[in-house]
Amino acid sequence: MTLTHALDRMNEPRPAQQRLRTLGFYEGPINGEPTAETQMAIERFQRSRGMSTTARLDSHTLNALRSDESARQAEEARRRAALARPVAVTEATDVRTIQNRLRQLNFYDGPADGVWGQGTQQAIEGFQRAKGMPVGQVTAQTLSAMGLDPNSFAANRPTAPGSSTVSAALMAR
């Protein structure tokens, strides 16, 4: 089977070269041509997977490329889901951090008092709208877009034995 024939069998334009590039094995043009550069990239890919190094795009190599692409797509989906997950803001210091950052970004002009009130909620929603994000909940994506590390918030850190959170008290005022 020739490289060109194998590329045609995948029912996509130049997918093997694109996948090899995505995986970091190929830097040449995405043109569907069976160049020496493409064959060297196939060989590097095969070697990295412990396969026989034939420099040919045989069915075993095609299946491995598809599998790697599926894994990449699954990882991207996991990353997007992690960014979309709500972040529980339960500590007054975390609320103050968000309030101060929203103030720096000119979305909030209220006090940085550590209380999640209507003004803070409106500021978050305004920020999310301005950035084209889903509006409402604080998500990892929102915090990242604000330049904050979602993992630094108390609800996302490992909790020490005997510690507690104060979420109900934050909304009390």
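Helices here are DSSP runs of H or I with at least four residues, numbered from the N terminus. With that rule, Ala55 falls in the loop between H3 and H4. The model is predicted.

Start with the overall fold. The protein has 8 helices and 0 strands. Read from the N terminus, the order of elements is α-α-α-α-α-α-α-α. The chain holds 173 residues, and 34% of them count as buried. Take the contacts with a separation of 6 or more: 41% of them join residues 24 or more positions apart. The accessible surface comes to about 9,900 Å². Carbon and sulfur atoms contribute 49% of that surface.

Now go to helix H2, which spans 15–22. Its buried residues are Pro15, Ala16, Gln17, Arg19 and Leu20. Just after H2 comes Gly24, with a positive phi of about 90 degrees.

Next come the aromatic rings. A pair of rings is described by the distance of the centres and the angle of the planes. There are 2 aromatic pairs in the structure. One of them joins Phe25 and Phe45. Their centres are 5.5 Å apart, their planes stand at 90 degrees, and the pair is edge-to-face. Phe25 sits in the loop between H2 and helix H3 (36–48), while Phe45 belongs to H3 itself. The two residues are 20 apart in sequence, so the pair ties together separate parts of the chain. Phe25 is buried, and Phe45 is buried too.

Phe107 and Phe127 also pair. Their ring centres lie 5.3 Å apart and their planes meet at 85 degrees, so this pair is edge-to-face. Phe107 lies in the loop between helix H5 (92–104) and helix H6 (118–131), and Phe127 lies in H6. Again the partners are 20 residues apart, and the pair links distant parts of the chain. How exposed is Phe107? Phe107 has a relative accessible area of 30% and is partly exposed. Phe127 has a relative accessibility of 1%, so this residue counts as buried. The cut-off for buried is under 20% relative accessible area.

Stay in the loop between H5 and H6. Asn106 is placed there. Its phi is near 65 degrees, a positive value in a residue other than glycine. The relative accessibility of Asn106 is 69%, so Asn106 counts as exposed. Exposed means over 50%. Pro111 occupies the loop between H5 and H6 as well. With a relative accessible area of 52%, Pro111 is exposed. Which residues does Pro111 touch, if those up to four places away in sequence are not counted? They are Gln99 and Arg103. Arg96 is 15 residues from Pro111 along the chain, and the C-alpha atoms of the two are separated by 8.8 Å.

Thr53 has a relative accessible area of 41%, so Thr53 is partly exposed. Leave aside neighbours within four places in sequence, and Thr53 is in contact with Glu43, Gln46 and Arg47. Met40 is 13 residues from Thr53 in sequence, with 9.7 Å between the C-alpha atoms. Ala55 is buried, at 14% relative accessible area.

Last, look at the empty space. Rolling a probe the size of a water molecule over the atoms shows where such space is left. The largest pocket has a volume of about 180 Å³. Pro86, Val87, Ala88 and Val89 are among the residues that line the largest pocket. The lining of the largest pocket also includes Val95, Trp116 and Gln121. Gly136, Gln137 and Val138 belong to the lining too. What is the lining of the largest pocket by class? It has 7 nonpolar residues, 3 polar residues and no charged residues. Gly counts as polar in this scheme.

Key: Residues numbered from 1 in each chain as written. Predicted model: local features only at pLDDT ≥ 70, side-chain atom pairs only at ≥ 80, totals over all residues. Heavy atoms only, no water. Phe/Tyr/Trp six-rings, centres within 6.5 Å; stacked < 30°, edge-to-face > 60°. Buried < 20%, exposed > 50% of the residue type's maximum accessible area, 1.4 Å probe, protein only. 1 Å grid on protein atoms, 1.4 Å probe; cavity = no way out; pocket = protein on both sides within 12 Å on 5 of 7 lines; lining within 4 Å. Points joined across faces, edges and corners; volume = space filled by probe spheres on them. Contact = heavy atoms within 4.5 Å. Areas by Shrake-Rupley, 256 points an atom, 1.4 Å probe, with all protein chains shown as cover.
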